[in-house]
Amino acid sequence: MIALPRRPAVMTAVTTAALAALTAVLVRAVRSDAYVTDPAALAGWYAVAWVLFGAAAWALRHAPARHVTPLVLAGSVAVAACGLVAEPRTSSDVYRYVWDGRVQAAGISPYDRVPGDPALSRLRDDWLFPRGAECERPERFGVAAAGGGPSADPSGTAIATCTLINRPSVHTVYPPVAEGYFLLVHALSPADARHKPFQVGGAVLSVAVSALLLAVLRRRGRARWAAYWAWCPAVAVEAVNNAHADVLGVLFAVAGLAAVRAHRIRGGTLIGAGIATKLLPAVVLPGALAGAAAPRPRRPDGAVGSEGPVRPLRRSLAVLLPAAAVVGLGYLPYLLVSHGSVLGYLGGYAEEEGYDDPTVKNRYALLRLVLPASWSQPAVLVLCAAIVAYVLRRGDPERPWRSALLVTGAAFLLTTPGYSWYALLLIALVALDGRWEWLGVAMAGAAKYVGGRAVDDSGLLGTVAYALAGTAVLAGWLVRRRGHGRALREPGAVPVPEPGPEPRPRPGPDPEPGPVPYGIRSGAPEVRAGRGPRPQPGPGSPRY
């Protein structure tokens, strides 16, 4: 193997070249209609894109620090632009966004009527509701003809009516902040803009997440980690080309986790906005409460101290109540104007996706390798509860994203979802914490969603993909633990005595992710090779 010289200028050039190749492959993949005609080829292009993404991220580690921020931002813009070169290719969800925005602009609650309702025929157009031969194309869904429209041509042949909106006979499933986003994009868009404003909105939001990650990570000396989100192929495909609203929820979740350490109410409010966008960001709440149930520190006489940071209940409520208030206030206007349930198709969607029947869509695939199918759902609930309890007791409140990554990643491995855009949140958490091995979980979702169309048994492919992803996560943890163990055995390693309530740390680089996955608290004993106890900040020390 030829070893690349790691001079700064060379590594910057290598990073730039890898980014250029990545964008070329993404443009080729996005412009292709292979999802319908040749999904195996599309899966191949995705695999190449992920390899180039990994090469670019590796090269960035050796680029000069002054080049990191420009490279990450320029790459983020370039990767996002790749998603704008074609109409949505692998998902039709954006058409529901367009319709919900249009319905709200007409003064109708999106929770009241389904897209296929002929009573809304005045809102239809030939793009969202084509007729005739256009309905023979893939991803077209039949609906009743609009009132007053011809149902047959002059020869007597029936004229089919269809829509680009999937599930046109059910109510919307999206929470209120997402619906507000749909209405805002509709209000700002030209009449004939179609899907493009939502793609542009996805590009803007994805770059905004990159900028926010850079702002958070630069203070910790880890700006390079922002590339895990900024350059990820899933961002171009799912956040921009397919324009999934998940990216808005990711922005709120990242902002909330970044804020919650110093401002719990603000952090809870932002996380609540994320939950009111796509519900999935609720999985980061345990991370925001990391360490809330930790044992109180003991005094030198062995008694439990009465003083501490913030009492656990007060700390938890300072996050949970604002989050719940945002969700409740978001739904309130729709509750007042809607005649039906504002939960829409949520219950039906959960049933359709097999959360109550493991045999549907290969749900809980890894657990069903070792447990009877009927045990898998209870097992998921027990395991998730155990992980949350672990995070609440042992999680690091100074790194809430670490616990959020553990809970989110474990939830993905336990439920094995088949929609690749769900992993956008996971990717952002990987960027915050730097544990890149969790990106395999996002790759597994993409393999199951796209590659599953190219094989006879998509469930088997998904199971194998998630099993490999779980193995990678375990291997990453073992490697980190082994490296940490070697450091502890170095001559001169001095244990640091357990301190009391620790002030916020000085701004500076975080240590690399350690061996215990998301479980070491800021106040736990630590051992550092060759040095004594870390000096504690004085009263005038700078704080976050």
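Leu-279, at 32% relative accessibility, counts as partly exposed, where buried stands for under 20% relative accessible area, exposed for over 50% and partly exposed for the range in between (1.4 Å probe, protein chains only). This is a predicted model, in which local features need pLDDT of at least 70 and side-chain atom pairs count only at pLDDT 80 or more, while totals for chains, interfaces and linings use all residues. Residues are numbered from 1 along each chain as its sequence is written, and side-chain values use heavy atoms, with hydrogens and water left out. Helices (H or I, at least four residues) and strands (E, at least two) are DSSP runs numbered from the N terminus.

**Backbone with positive phi**

- Leu-279, which is not a glycine, has a positive phi of about 65°, and Leu-279 lies in the loop between α11 and α12 (285–288).
- Ala-243, likewise not a glycine, has a positive phi of about 55°; its place is in the loop between α9 and α10, and at 3% relative accessibility Ala-243 counts as buried.
- As background, most residues other than glycine have a negative phi.

**Cavities**

- The structure holds three cavities of 30 Å³ or more, a cavity being a set of points on a 1 Å grid over the protein atoms alone where a 1.4 Å probe fits but cannot get out, with lining residues having an atom within 4 Å of a point.
- The largest cavity has a volume of about 100 Å³, taken as the space filled by probe spheres set on the grid points.
- The lining of the largest cavity is made up of Leu-26, Tyr-46, Trp-50, Pro-233, Ala-234, Val-237, Glu-238, Ser-420, Ala-423, Ala-442 and Ala-446, and the elements giving two or more residues to this lining are α3 (39–60), α9 (233–241) and α18 (439–450).
- Helix α9 contributes the largest share of the lining of the largest cavity, namely four residues.
- By class, the lining of the largest cavity divides into nine nonpolar residues, one polar and one charged, with Ala, Val, Leu, Ile, Met, Phe, Trp, Tyr, Cys and Pro taken as nonpolar, Asp, Glu, Lys and Arg as charged, and the others, Gly among them, as polar.
- The second largest cavity has a volume of about 50 Å³, and the residues that line the second largest cavity are Asp-246, Gly-249, Val-250, Lys-278, Leu-280, Pro-281, Tyr-422, Leu-424 and Leu-425.
- At least two residues of the lining of the second largest cavity come from each of α10 (246–259) and α17 (424–433), and α10 gives the most, with three residues.
- The lining of the second largest cavity has six nonpolar residues, one polar and two charged.

**Salt bridges**

- The count comes to 15 salt bridges, each being a side-chain nitrogen of Lys or Arg within 4 Å of a carboxyl oxygen of Asp or Glu.
- Lys-278 and Asp-246, both among the residues lining the second largest cavity, form a salt bridge in which the closest N and O atoms are 2.5 Å apart; this pair links distant parts of the chain, with Lys-278 in helix α11 (residues 264–278) and Asp-246 in helix α10, 32 residues apart.
- Lys-278 counts as buried at 17% relative accessibility, and Asp-246 is buried with a relative accessible area of 6%.
- Arg-167 and Glu-352 meet through their side chains in a salt bridge (2.5 Å, N to O), and the pair links distant parts of the chain, 185 residues apart, with Arg-167 in the loop between β2 (162–163) and α6 (176–188) and Glu-352 in helix α14 (residues 346–352).
- Arg-167 is partly exposed, with a relative accessible area of 24%, and Glu-352 is partly exposed as well, with a relative accessible area of 25%.
- The side chains of Arg-363 and Glu-353 meet in a salt bridge of 3.6 Å, N to O; Arg-363 and Glu-353 lie ten residues apart in the loop between α14 and α15 (373–394), and both are buried.
- Through shared partners, salt bridges join Arg-167, Glu-352, Glu-353, Lys-361 and Arg-363 into one network.

**A buried histidine**

- His-195, in the loop between α6 and α7 (196–218), is buried, with a relative accessible area of 13%.
- The C-alpha atoms of His-195 and Val-94 are separated by 6.9 Å, although the two residues are 101 residues apart along the chain.

Note on methods. On a 1 Å grid over the protein atoms alone, a cavity is a set of points where a 1.4 Å probe fits but cannot get out, and a pocket is an open set with protein on both sides within 12 Å along at least five of seven lines; lining residues have an atom within 4 Å of a point.
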